[in-house]
Structures are given as C-alpha cells and as structure tokens.
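Here's a quick briefing to read alongside the model.

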Amino acid sequence: MSLEAQPALDRIRSYHLENGDSPALYLKPLVEREKKPSAPASAGATAPKKS
Amino acid sequence: MSTEELFYLPISEVAKRIETKKLSPVELTQTYLDRATKLGPKLNAFATLTPELALEQAKAAEKEIQHGHYRGPLHGIPYAAKDLLAVKGVPTTWGAKPYAQQIFDYDATVIEHLTRVGAILIGKASMIELAGGLGYRFASASLQGAAKNPWDTKCWTCGSSSGSGAIVAAGLAAFAIGTETWGSIVCPSAFCGISGLRPTYGRVSRYGAMAAAPSMDKIGPLARSADDCARVFSAIAGHDFKDRSTVPIDRGAFTYSPSLDLKSRPLKLGWLTNAWQHIDPAVAKLLAAAEKTVRKFFPGTKSAALPEGPFEDVANITMNVEAAASFRELIRSGRVSELSDPTSQIAGYLNEQFSAADYLRAQSIREILQKKMEAIFEVFDVLVAPALPIVATPLETNLESALSFPDPLGAIGNLCGLPALSVPCGFTDKNLPAGLQFVARAGDDYSAIQAGRTFQLHTDWHRRHPKVI
C-alpha cells in the first residue's frame, strides 16, 4: 500500500505552486460568489434560482 | 392503478393524492412497510426498519391533514435514511460491526428537517462500512451484506449509499437520503437507474451524520426524478448553527417550485470530452443517444474539457488523511480489525502516516483547482458527462480492479464541492441502466436540477422500474 501511495505523493510534491496558492477555507469561491445573479424566490420569476 | 404502480409514482403524484385525502398516509406507510419487510431482506437494502416510528408519524400526518393542516409535498411520504444519520433511539450502525450497537439520543438535522415537513421514516438504509472511509474491495463490505441491484440481483447497487439505491429502485420507499464523499450518490443512482442529487458542499447540514472526510462529505436525496430530488433538497437544505461548515443563512436555503419556467434562463451546457478514459461500448451507445437529446434541447451545447493535474491524488490524500482522523479512535483501539474488509482493517494505519506538509500541499492544489473550475463556469452553466463509464458490476467483483479507473470529474466535483445530478439515460441489452450527470458551479444546484428536469421532460428512462419479486 505504501508503494502504491508514493507515486501520488510524488505528483503532489512536484506540482508547481506560487506564493499565493496557500490553502484557503475549503470552499472560499462559494462564499465569495457575489458577482453571480441571485435566484427568484417564487414561481413565475424570470431567472433560475442561485444561492 | 395497481399497488405496484403506486410504489413508483413520483412524489408530486403521491402528494396530490394525500393532500386531496384520496390516499391515507397510514395505509401508504403500512403498504410500504409490508413491501420493505418482504423485499428488503432479499436485496439487503435496509439496516433497520422503523415500523413503530413510521406508523406513529403517519397517524400524526393523517390527523393533521384531516384537520386541514397540510404541510407540503413531503407530508405523509415514506422515506429511508442512510444508516449513518442519527435517529433518536434507533440503531445507527454506520454499516460497520464495531458500531452495531450504537444508538444516539438525538436526531440528525436532516432527519429533523424531514420530520418537520411531515415525511415518514420507514427505515435506515444499509451502507458500505464507514461509507468506505477506510477503503474497501468488495460489495459485501457492509454489516448488512452486499446490496443487490433490483435490476439484476446478481449485480451490486454501488456504494456507499448502496441500500439507498436499492430502496428507491425497488420501490421500497418514495425516496432515500444518501451521502457522498466521492461518488456515493452519483454511482448508486447510475447503477440503479434512479435520480440522485449530490448537493453543493455545505448546503445540507451534517450534524448527526457520521464524518468520513469532513471537507468532502455531503448529504443528498436519491429519488425517482430530478423534480423529486429538488423537492427533498428544498426540505433539507439550509444553514445550521450546529454545523459550522454549512453555507451562510442567506445562501443555504433552496426554494423550489416545479412551475418555475425551465426556459427562463437558457443554460449553457458543456459536454465533457475527458471525464472518462474508456467507456464500455454498451454504455457508449446509450450516451450517444443521450448526447443527441442534450444537444437538441440545449442548443449551443459545446464540447468542454476538465483541467488536467494530480487532482485525483489530491482527492485521495484528502479523503485518506481526514478519514484517518475521523476514525482515529477506532484505529488506535484496534477495533478497526473488526471491519469486514481486509483493506479497511489496515488502511487507517497507513493513512495516519501521511505528513501534514503533504496534506497542506494537496489543499493548495485544491485551491488552484477551484480557481480553474471557476473559470470553466464563467463559460458554462452546467457540465455534462456519463455518470459512470460502466453499468452495474457483479456482486463478487473485486472493486480494486473493476472500479479503479480514473475518475477526474468525481475527484474535481467533490474537491470543489460542486453539485451534481445523476439521471438515468438508457438501458443496455441486458436491461441495466446507465446514468448521465449534470454538474454545476458551487451554490448553483438549481442549474443542475434545471438541466436534469429538462432532460427528463424529453425522455422516459426515469419512469422505468424493475420487476422485483
């Protein structure tokens, strides 16, 4: 199992990272998604729901 | 209408009969319980049936409805919950021998939500032990045994929501709740010819649910259609102060009305060309027809490609490290040896050896991946791909060889918390279903549902059901 895990670790270790690529909260893009249109609240609305 | 047909009616139809008092929730529940008692053991579908609780809830629902207090489309509707969701006073085994006697004294938030809208819990669905958190190689890695596929009982339903898939496909409940860390809603939906929604990460509270890999675990419905999934999702979605990973209160709730115009916002679809390296020829034939349907009803559908990188490696290390933490007590106590699958017995010890540095590096790559996917969703609203490149596998299959093919979409979707809806898209010559998945950006569960509903408006695969004897 260790032998199987090693290639995956090698790929992760060799992936190029920039200084700003440190991990944020897991789903940061979700809570930052302000620019998308918001959803309709009821039937007959003209745009689909977003949340 | 025969009783058999009643078991396969969409929630909307059953709800209409209940609301107009043409169908008694008590009679419906008893009929489902009888069927579940008779057929459940043949499929290893349930961990526990809850007849007393179910009839108590059904009587209360009936009384309320008789007095004009109709709570909505799930009022009086029988369902099953994966056996990793806490239900007060009922065994919650997590599918694993070390937890066979485990009983919680509270309800999971999902159960609370469903109780509040008047749904009837008829039982706990069987599952792969620990939801596969410590790995497994065989369908039989479950306290309840291998869940058998109602389309062919020599085949598996796929895991880890294996019982949930069997229950919905066999008409043993109107819907079931499952969970997905990587593939456990999409896969059973595809293998069982049903519809399943993996919601956006954080959209459904996991309070009272077993944790496998907390940054990837999600709870969602398996049901007869995209419409049914949306109805259940609207009942269980929402911020929960007891689960700090849920999205903020203004983005958690999901308001659904089936009368929303499907064409109100034309969706931009991307047909993924690199979701699977190899597709079984029998499935490929069905997908070619499904692609035609998609392109016909979503004009302007373009080809799309997933970003390339070590994303499956990232998903694997994330899952493995977090699961080792989740089950630390089980591993350290040595009771992990009681698990049924030899892989599960030892994987935890290996997974504890990953370094924090490697785990954090994986999370950095995850951050990059999320940005890459954001860019793709600037172009497309929904990505479409086969749910799986194969149909249901025989029960005795070694999953390490038969189900170990690359799954970049599963890895990416679950690392980024993207919602996905799997719907049936055809049947092979051996009468086994194949699935199609619609994946949307995080938070935009509606678009995945909208795409699935549109597909099901023009196809009838979701209306087919197996002959279960």
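In this predicted model, helix 8 (residues 226-236) and helix 17 (residues 445-457) of chain B pack at about 150 degrees, with their axes 8 Å apart. Angles over 145 degrees count as roughly antiparallel, and helix 8 and helix 17 of chain B are therefore roughly antiparallel to each other.

**The helix 8 / helix 17 contact**
- Helix 8 of chain B brings B:A226, B:D227, B:C229, B:A230 and B:F233 to the contact, while helix 17 of chain B brings B:D445, B:I449, B:G452, B:R453 and B:Q456.
- By type, the residues of this contact split into five nonpolar, two polar and three charged.

**The largest nonpolar core**
- This core has 166 residues, and B:Y79, B:I122, B:A173 and B:V382 touch the most other members.
- Helix 11 (residues 311-326) of chain B supplies the largest share of the core, eight residues.
- Beyond its sequence neighbours within four places, B:Y79 is in contact with residues including B:L114, B:I122, B:A173 and B:F175.

**Helix 14**
- Helix 14 of chain B (residues 356-379) runs for 24 residues and spans 35 Å from first C-alpha to last, close to the expected 34 Å.
- Its buried residues include B:R361, B:I365, B:I368, B:L369, B:M373 and B:F377.

**B:A146**
- You'll find B:A146 in the loop between strand 3 (120-125) and strand 4 (148-149) of chain B.
- B:A146 counts as buried because 21 other C-beta atoms lie within 10 Å.
- Leaving out residues up to four places away in sequence, B:A146 touches B:N44, B:A139, B:S140, B:W156 and B:L395.

Technical notes. Residues are numbered from 1 along each chain as its sequence is written. Chains are lettered from A and ligands numbered from 1 in the order in which they are written. This is a predicted model: local features need pLDDT of at least 70, side-chain atom pairs count only at pLDDT 80 or more; totals for chains, interfaces and linings use all residues. Helices (H or I, at least four residues) and strands (E, at least two) are DSSP runs, numbered from the N terminus. The expected span of a helix is 1.5 Å times one less than its number of residues. A residue is buried if 20 or more other C-beta atoms lie within 10 Å of its own, exposed if 12 or fewer, and partly exposed in between; C-beta atoms are placed from the backbone. Two residues are in contact if their C-beta atoms, placed from the backbone, lie within 7 Å. A nonpolar core is a set of buried Ala, Val, Leu, Ile, Met, Phe, Trp, Tyr and Cys residues joined through C-beta atoms within 7 Å. Axes are lines fitted to C-alpha atoms, for helices over the stretch in contact, and angles run from 0 to 180 degrees between N-to-C directions. Angles under 35 degrees count as roughly parallel, over 145 as roughly antiparallel, 65 to 115 as roughly perpendicular and the rest as oblique. Ala, Val, Leu, Ile, Met, Phe, Trp, Tyr, Cys and Pro count as nonpolar, Asp, Glu, Lys and Arg as charged, and the others, Gly among them, as polar.
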